[in-house]
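Welcome, and take a moment to look over the model below.

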Amino acid sequence: MPLLTFKKGGIYCAQADVYIDPWSKVDRAIITHAHSDHARWGHQHYLCTSNCEAPLKHRLGNISVQSMPFREEVVMNGVRISFHPAGHIIGSAQVRVEYQGEVWVVSGDYKLVDDGFATPFESVKCHHFVTESTFGLPVYTWADQQQIFDEINTWWAANRANGKVSIIAAYSLGKAQRLIQNVDHSIGPVFTHGAVENMNAALRAAHHDIQPTIQVTKELDKKSYKGGLVIAPGSALGSSWVNKFKPFSLAYASGWMALRGTRRRRAADRGFALSDHADWDGLNTAIAATGAENIYVTHGYSTLFSNWLKEQGLNAAPVETQYVGESIDVAEEEVAI
Amino acid sequence: MRQFAELFLAIDATNKTNAKVAALQHYFEIAPDKDKVWTIALLSHRRPKRTVNTRLLREWAAEYSGISPWLFEESYHVVGDLAETIALVLPNPISDSKEQALHAWIEQIMDLKDVSEADKKAFILQAWQGMDKAERFVFNKLITGGFRMGVSQKLMVRALGKALDIEENSLQHRIMGNWDPRTITFDELLLQENSLDAASKPYPFYLAYQIDGPVEDLGDPSDWQAEHKWDGIRGQLIKRGEEVFLWSRGEELVTDRFPELKLLATKLPAGCVLDGEILVFKDGQIQNFNLLQTRIGRKTVSKATLQKAPVILKAYDVLEWDGNDIRHLPLLERRAYLAECVAAVNDERLQQSPSVAFSTWEDLKVERSTARSMKSEGLMLKRKDAPYGVGRKKGDWWKWKVDPLTVDAVLIYAMRGHGRRANLYTDYTFAVWKGDELVPFTKAYSGLTDAEFRKVDAFVKKNTIERFGPVRSVKPELVFEIAFEGIAQSSRHKSGVALRFPRMKRWRHDKPVEEANTLNDLLTLL
Ligand SMILES: [Zn+2]
Ligand SMILES: [Zn+2]
């Protein structure tokens with residue numbers, strides 16, 4: 001029997017009797033990161049990284065959580081379990097599971113680029129690697145982070161010069177902080193939707209430094225938004241909430257924006273191809289670095305990507321999960337299936 | 001080509017009309033004349049003939065990118081656009097190419113026509129090597145054709161008008177007709193009064209908007225003329241001197257595709273231009289659009305096709321009479337000339353689109369409800385005292401289409417979508433009951449909200465019965481109301497029917513599968 005198996009309710013380790021990112025309610029869940037398709041509500045006990053604890057509690061409320069730093073080890077019935085940085089969002093981890101010399105790594109969501117906020121990705125050697133494949137096609141290759149932020153800053157400055165407010169749709173956990181940390185604050189003030197600001201508050205309370213932001217409230221004078229940058233979850237943008245910013249320019253920041261069709265179908269002014277998931281080269285580089293010969297491909301282009309890996313001489317297979325990957329409309333954080 | 005690629009990026013980065021026009025205007029102010037001529041040509045559907053087969057392009061792109069052809073094809077399916085797929089998969093440029101003007105690239109591409117396959121490949125690989133993503137995309141588009149920049153001809157003309165300080169309508173007219181971007185100069189095309197091939201030049205078609213409120217909002221019914229809205233191809237039939245031309249709305253010269261109308265045109269008085277609908281007419285009746293489709297896209301028409309699908313022109317307007325542009329005259333006066341023309345020609349192939357008699361809007365609602373049996377799509381309302389406008393202008397002409405037909409159908413197959421929907425199952429096949437069997441009868445991809453698509457996607461993934469390549473058969477459980485504009489018999493479809501413009505109108509959560517419509521229900525709509 002393999003050390004990890006893909007069961008109906010999630011990825012399961014029988015020897016340790018523990019699940020990783022399960023979507024059914026279980027007794028003990030190891031969580032890679034606090035996005036809601038990976039960290040679901042209703043488990044008895046959660047185990048996550050130290051940096052994941054604050055956002056996880058913020059999201060799920062009063063739960064039983066145990067956390068530990070990256071690279072530290074816990075042993076469950078002889079199985080050695082540790083977390084290693086996945087670089088996806090703050091506190092996101094790959095889970096390393098070892099028993100009698102056999103090593104598995106479940107990567108959750110990951111990216112190789114250092115985004116300036118999440119602990120940067122670290123490669124972990126293993127025999128079996130479980131990878132995501134959200135952007136597992138050769139058409140997805142990201143430009144340098146600096147180049148993308150140069151474009152964002154130019155767009156923001158131009159809007160400011162035209163007397164407009166700039167609005168970017170972003171997940172309140174991950175993308176929002178990445179934007180806040182990397183945009184050029186000398187251009188103007190950065191405002192946040194309540195969902196983003198509450199997450200910021202939870203993170204700041206856990207001693208994470210985040211650049212200054214101002215929460216959008218009824219009390220704020222509408223004129224004060226002029227020339228500013230507003231960061232809000234996509235769900236807020238379809239509502240009347242945005243009216244107070246008129247005139248504004250609206251942008252989406254998502255890997256899907258790499259495709260022209262996606263950009264054009266959005267009723268947005270701009271699309272920036274900024275993703276917290278690995279691109280084609282990133283996925284291939286990460287897989288090669290593990291040295292693993294057995295690759296299990298989860299959410300995304302799982303069948304296509306595993307066929308590609310097979311062509312490269314690896315034992316690869318798609319695995320059905322209920323993770324959703326990067327979504328433009330409904331954030332990973334809001335999905336509940 | 002840098003300038004043109006930048007123009008493309010600027011237009012692509014915005015959905016604001018003004019910003020697009022400003023970018024184009026700027027381009028027309030700075031680009032070399034020869035590039036401007038080609039830009040006008042590309043944005044007015046005058047692309048050069050394809051000289052490299054797209055199958056070869058795909059092979060070379062896959063090879064150069066180090067991926068297998070199957071993976072390239074899957075990527076293409078996701079992106080939905082070949083030029084873009086190639087631009088995205090190619091590795092980073094290795095050398096800086098010497099900058100070459102747009103017209104030089106286009107002419108080199110045109111000259112590939114008589115070159116060996118190996119030389120074509122060498123030329124294209126070298127071109128790709130020196131270009132960034134945007135330039136590659138534009139270059140690929142020049143090869144594959146279908147250049148759409150999200151700018152209509154009208155917007156292009158507006159920008160050109162601003163750049164040259166020439167009135168839009170007259171510019172619009174100057175760029176119509178037959179001209180060759182490779183030989184014509186910018187001056188000849190736009191600045192000289194008597195440009196080449198004046199005889200063939202059509203007028204810009206006046207287009208109508210769909211009525212968006214109650215018809216009563218149009219005011220006094222006696223100000224309006226009503227006709228049926230024919231479901232064919234909009235055409236302009238021209239006779240000037242002894243020459244005849246037939247233009248379709250896409251501004252394509254289609255004279256040779258419709259020899260019967262060419263013949264008809266010779267009977268017109270000289271200096272006459274008619275606006276009307278090309279329709280298949282047989283046994284004294286207008287036929288379905290399906291039959292007309294057998295005439296589209298064919299350069300030469302066989303005798304058999306001519307017999308199976310003979311066309312007429314259902315004329316509704318005269319734009320030029322006795323050599324004079326009469327578009328400024330009120331509709332009723334132009335219609336009087338039309339009646340005179342139809343009577344004088346006296347040929348079954350030229351019919352006047354009759355106006356409908358009515359005195360109240362209620363009368364007209366009754367008339368509209370007969371549209372399907374008249375083989376029309378609804379009614380056209382035109383202000384009696386209005387001149388013939390240019391392009392799409394709100395106010396004087398309105399379409400008033402009939403409500404779509406609908407049936408409740410069961411989702412039985414699903415396929416992944418393109419682009420943004422690339423990771424979702426959004427392309428569906430629907431079935432209706434025939435006894436206790438479900439018979440597929442149409443596909444539909446549009447009409448649901450993004451949230452609904454995600455829900456259906458989740459359903460598909462959890463309820464897959466079988467997979468055939470990219471297609472999954474799913475448990476027949478979801479019922480959707482499918483709306484469509486028309487239905488015709490078809491031997492090419494298993495169900496025996498083909499729908500026109502099918503789309504999902506709504507998800508019938510309230511309907512159990514057993515209550516979906518039957519094939520018989522569908523057949524009664526024929
Ligand atoms: Zn995630
Ligand atoms: Zn994920």
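In this predicted model, the zinc ion (ligand 2) and the zinc ion (ligand 1) are 4.0 Å apart, and D109(A) coordinates both. D109(A) sits in the loop between β10 (102–106) and β11 (128–133) of chain A, while H299(A) belongs to strand β18 (residues 294–300) of chain A, so that the pair links distant parts of the chain, 190 residues apart. Both D109(A) and H299(A) are buried.

Next, have a look at where the two chains meet. Chain A brings 34 residues to the contact and chain B brings 35 residues. The size of an interface is often given as the accessible area lost when the parts come together. Between chain A and chain B, about 2,800 Å² is buried, and carbon and sulfur atoms give 50% of that area. There are 4 salt bridges between the two chains, and 8 residue pairs in polar contact across the interface, both residues at pLDDT 80 or more. On the side of chain A that touches chain B, α6 (260–265) and α8 (302–311) of chain A are the elements that give two or more residues. Of these, α6(A) gives the most, with 6 residues.

| Salt bridge | Distance, N to O |
|---|---|
| E320(A) and R472(B) | 3.4 Å |
| K111(A) and D115(A) | 2.8 Å |
| R182(B) and D111(B) | 3.2 Å |
| E377(B) and K229(B) | 2.7 Å |

Are K111(A) and D115(A) buried or exposed? K111(A) has a relative accessible area of 1%, so this residue is buried. D115(A) counts as buried too, because its relative accessibility is 4%.

In chain B, the salt bridge of E377(B) with K229(B) joins strand β12 (residues 376–383) to strand β3 (residues 224–230), so the pair ties together parts that are 148 residues apart in sequence. E377(B) counts as buried at 13% relative accessibility, and K229(B) counts as buried at 15%.

R182(B) and D111(B) meet in a salt bridge as well. R182(B) is partly exposed, with a relative accessible area of 28%, and D111(B) is partly exposed at 45%. Chain B also holds a network of salt bridges that links D408(B), E481(B), K505(B), R506(B), R508(B), D510(B) and K511(B).

Finally, some details of the backbone. A cis peptide bond joins K246(A) and P247(A), with omega about -5 degrees. P247(A) is found in the loop between α5 (234–237) and β16 (248–253) of chain A.

Where in chain B does D322(B) lie? Its place is the loop between β8 (311–321) and β9 (324–325). D322(B) has a positive phi, near 55 degrees, in a residue other than glycine, and D322(B) counts as exposed because its relative accessibility is 62%. F501(B) has a positive phi near 50 degrees, again in a residue other than glycine. Look for F501(B) in the loop between β22 (497–500) and β23 (503–507) of chain B.

Methods. Residues numbered from 1 in each chain as written. Chains lettered and ligands numbered in written order. Predicted model: local features only at pLDDT ≥ 70, side-chain atom pairs only at ≥ 80, totals over all residues. Heavy atoms only, no water. Donors = N, O, S within 2.8 Å, 3.2 Å for Na, K, Ca; no water. Helix = DSSP H or I, 4+ residues; strand = E, 2+ residues; numbered from the N terminus. Buried < 20%, exposed > 50% of the residue type's maximum accessible area, 1.4 Å probe, protein only. Contact = heavy atoms within 4.5 Å. Buried area = accessible area lost by both parts, 1.4 Å probe. Salt bridge = Lys/Arg side-chain N within 4 Å of Asp/Glu carboxyl O. Polar contact = N/O pair within 3.5 Å; in protein donor to acceptor, adjacent residues only side chain to side chain.
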